[in-house]
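Subject: Model for you to look at

Hello,

Here is the structure I said I would pass on. My notes follow below it.

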Amino acid sequence: TGNNLLLKEDWNKIRAFHNYILNHLYENLPSMSELAKIAGLNEYKLKIGFKKLYKISIFRFQTMERMKHAELLVNNTLMPIKQIAQHLGYSDSSHFSTVFKKHFGISPGKFRKQHEKDSP
C-alpha cells in the first residue's frame, strides 16, 4: 500500500505542503511536477500521500478551501461577485460562478439573495 512507501519525513513534507496550499490559496496552483518540487517529493508520493492524509486530492482541497472563503465573502460582505472571484484568484468570474454553483448547488448571486432573506 501507499503507506509503506512513505517515510516519516515524507509525511512531514506533505503536512508542510498542506500549509503551502493554505498560504497560496488565492493563486492558481502550478503543475503537479512543480508542486512536487515545492514539496520536495516525487509526484506519486505527493499525490498518494496527500490523498491518504487528507482524504481529498490536492486540487480539490484548494477548491474546497476557496469555496469556504467564497461563502463567507458572499454572505457577509457587499463585495461584488466579480470582485470576490478576483480576490479568490479566479481570473474569470464566470468560471468562479460555475465552481461556486457546482459546490453549493446555487449561483453566488442567488446564494447571497437567499441569505439576505434569511437574515433578520
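Contact in these notes means heavy atoms within 4.5 Å. Helices (H or I, at least four residues) and strands (E, at least two) are DSSP runs, numbered from the N terminus. This is a predicted model, in which local features need pLDDT of at least 70, side-chain atom pairs count only at pLDDT 80 or more, and totals for chains, interfaces and linings use all residues. Residues are numbered from 1 along each chain as its sequence is written, and side-chain values use heavy atoms, with hydrogens and water left out.

Overall

The chain has 8 helices and 0 strands, so the order of elements from the N terminus reads α-α-α-α-α-α-α-α. Along the principal axes, its C-alpha atoms fill a box of roughly 50 × 25 × 20 Å. Of the 120 residues, 37% are buried; buried means under 20% relative accessible area, exposed over 50%, and partly exposed in between (1.4 Å probe, protein chains only). Taking contacts between residues at least 6 apart in sequence, 61% join residues at least 24 apart.

Helix α3 against α4

Helix α3 (residues 32-39) packs on α4 at an angle of about 85°, and the two axes are 8 Å apart. Axes are lines fitted to C-alpha atoms, for helices over the stretch in contact, and angles run from 0 to 180 degrees between N-to-C directions. The pair is therefore roughly perpendicular, on a scale where angles under 35 degrees count as roughly parallel, over 145 as roughly antiparallel, 65 to 115 as roughly perpendicular and the rest as oblique. On the α3 side the contact uses Met32, Ser33, Leu35, Ala36 and Ala39, and on the α4 side Glu43, Leu46 and Lys47. By class these residues are 5 nonpolar, 1 polar and 2 charged. Here Ala, Val, Leu, Ile, Met, Phe, Trp, Tyr, Cys and Pro count as nonpolar, Asp, Glu, Lys and Arg as charged, and the others, Gly among them, as polar.

Helix α2 and its contact with α4

The axes of α2 and α4 come within 10 Å and cross at roughly 80°, so α2 and α4 are also roughly perpendicular to each other. From α2 the contact takes in Asp10, Trp11, Ile14, Arg15, Phe17, His18 and Ile21; from α4 it takes in Lys45, Leu46, Gly49, Phe50, Lys52, Leu53 and Tyr54. That contact has 8 nonpolar, 2 polar and 4 charged residues.

The 16 residues of α2 should span 22 Å at 1.5 Å a residue, and its end C-alpha atoms are 23 Å apart, which agrees. The expected span is 1.5 Å times one less than the number of residues. Asp10, Trp11, Ile14, Phe17, His18, Tyr20 and Ile21 are the buried residues in α2. They fall within an arc of 165° seen down the axis, so they line one face of the helix; the arc is that of the directions from the helix axis to the C-beta atoms. The face turned away from the buried side carries the exposed residues Lys8 and Asn23.

Asp10 belongs to α2 (residues 8-23) and counts as buried at 3% relative accessibility. Not counting residues up to four places away in sequence, Asp10 touches Leu5, Leu41 and Lys45.

Helix α7

Phe96, Val99 and Phe100 are buried in α7. These three cover an arc of only 100° around the axis, which puts them on the same side of α7. Thr98 and Lys102 are exposed on the face turned away from it. Gly105 follows α7 and has a positive phi, near 80°.

Ser94, also in α7, is partly exposed, with a relative accessible area of 44%. Its C-alpha atom is 9.6 Å from that of Ile81, 13 residues apart along the chain.

Two loop residues

Lys55 lies in the loop between α4 (43-54) and α5 (58-76). Its phi is positive, about 60°, although Lys55 is not a glycine. At 68% relative accessibility, Lys55 counts as exposed.

Thr77 is in the loop between α5 and α6 (81-87) and is partly exposed, with a relative accessible area of 25%. Leaving aside neighbours within four places in sequence, Thr77 is in contact with Leu72, Ile84 and Arg112. The C-alpha atoms of Thr77 and Tyr26, 51 residues apart along the chain, are separated by 18 Å.

Regards
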